[in-house]
Amino acid sequence: MSYLTKRLTKKHQWNKLFKQRLSEPLHLNLIALFVFLFGSFRKKVAYDLVIRPQYAYGILEAAISAKKLGFTTISVIEFGVANGGGLMNMIEIAKKVTKSTGINVDIYGFDTGTGMPDPVDFRDHPEYYNTGDFPMNKAALEEKTNGKAKLIYGPIKDTLETFKKSLSEDCPIGFISVDVDYYSSTKEVLELFTAKAHSFLPLTHVYFDDIFMPHHNDKCGELLAIKEFNDINPYRNISYHRFFENQRIFKNANWVKQMYYFHVLDHDYRSKLKRNRKAYVLDNPYLKFEGNKKQFD
Ligand SMILES: C[S@@+](CC[C@H](N)C(=O)[O-])C[C@H]1O[C@@H](n2cnc3c(N)ncnc32)[C@H](O)[C@@H]1O
């Protein structure tokens with residue numbers, strides 16, 4: 001059975017299909033069918049036709065910006081791997097992104113390797129997640145991924161520092177998925193976001209998985225960790241892009257509300273004041289002057 005068929009045997013996937021996809025206008029779903037049959041990878045990303053659209057969008061956008069900035073490789077990370085469904089989707093997407101953009105993608109996955117650690121207090125949402133949930137079958141995953149992603153095992157607080165030191169300006173981080181469920185684990189993850197500015201693209205895409213259920217709120221879980229990070233880091237900001245939804249063809253999918261931008265404000269791309277370019281001139285079709293005569297010819 002293919003991965004897609006297996007997904008469709010799950011009740012929550014049908015629920016998602018009906019509530020999030022088939023509630024979109026019929027004409028867009030008909031165009032999507034055409035894109036599914038004949039479209040390019042980029043068009044499929046635009047029409048949410050790639051499994052894990054959040055990863056496809058984030059990695060493709062990161063590669064496109066990296067190319068404009070002159071890089072040849074980007075790094076992407078999944079925090080919280082479990083049995084590796086997401087990581088395997090990431091590997092497949094990365095291959096297609098490279099084919100479409102020419103940008104190489106280095107993939108990293110962080111996990112204890114043994115499932116969820118102990119929750120610390122109510123902020124970790126023990127009502128949803130608990131010790132030992134989401135274990136990993138390491139041998140099977142490593143065999144299947146076959147070195148296409150680097151797996152880093154252990155509590156993130158113990159493995160992150162070495163990884164931070166190994167980061168290279170030549171392959172900046174362009175996309176990060178945070179799926180570690182707890183507030184305490186997300187705090188550990190967000191330590192990465194204090195790495196040197198050039199370790200990242202000036203604007204890095206981040207997907208937060210655990211913010212959409214009824215008990216999630218900004219006094220707990222990932223939302224609290226984001227808020228606290230922003231409060232103490234004046235040159236870094238993880239922010240929700242309130243107009244992102246308007247840029248998507250399909251707007252009802254949950255993931256659209258789970259994408260954040262990580263702004264690296266101390267990156268020189270953003271903080272250099274002198275720019276070597278011509279001044280921008282705004283068009284005014286009502287004015288005739290040297291330089292815009294063409295519009296009146
Ligand atoms: C929901 S699962 C990840 C699912 C995966 N992203 C997927 O799409 O299939 C959450 C994972 O986060 C890992 N995790 C949570 N806290 C962690 C920590 N402090 N250090 C390392 N891994 C952690 C757990 O081991 C668990 O496997």
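Helix 9 passes helix 10 in a right-handed crossing, where helices (H or I, at least four residues) and strands (E, at least two) are DSSP runs numbered from the N terminus, and a crossing is right-handed if the near helix is turned clockwise from the far one by less than a right angle, left-handed if anticlockwise. The model is a predicted one, in which local features need pLDDT of at least 70 and side-chain atom pairs count only at pLDDT 80 or more, while totals for chains, interfaces and linings use all residues. Residues are numbered from 1 along each chain as its sequence is written, and side-chain values use heavy atoms, with hydrogens and water left out.

Helix 9 (residues 183-190) and helix 10 pack with their axes 8 Å apart and at an angle of about 40 degrees, the axes being lines fitted to C-alpha atoms, for helices over the stretch in contact, and the angles running from 0 to 180 degrees between N-to-C directions. That angle makes helix 9 oblique to helix 10, because angles under 35 degrees count as roughly parallel, over 145 as roughly antiparallel, 65 to 115 as roughly perpendicular and the rest as oblique. Helix 9 contributes Tyr183, Thr186, Lys187 and Leu190 to the contact, and helix 10 contributes Gly221, Glu222, Leu224, Ala225, Ile226, Glu228 and Phe229, contact meaning heavy atoms within 4.5 Å. These residues divide into six nonpolar, two polar and three charged, where Ala, Val, Leu, Ile, Met, Phe, Trp, Tyr, Cys and Pro count as nonpolar, Asp, Glu, Lys and Arg as charged, and the others, Gly among them, as polar.

Gly221 lies in helix 10 (residues 221-232) and counts as buried because its relative accessibility is 0%; buried means under 20% relative accessible area, exposed over 50%, and partly exposed in between (1.4 Å probe, protein chains only). Residues up to four places away in sequence not being counted, Gly221 touches Arg123, His125, Tyr182 and Tyr183. Of these, His125 is found in the loop between strand 2 and helix 7 (138-145) and, at 1% relative accessibility, counts as buried. The phi of His125 is near 55 degrees, a positive value in a residue other than glycine. Asn146, also not a glycine, has a positive phi of about 50 degrees, but this residue, in the loop between helix 7 and strand 3 (150-153), counts as exposed at 57% relative accessibility. Most residues other than glycine have a negative phi.

Neighbours within four places in sequence left aside, Ile59 is in contact with Ile74, Val76, Met90, Ile93, Val97, Val105 and Phe175.
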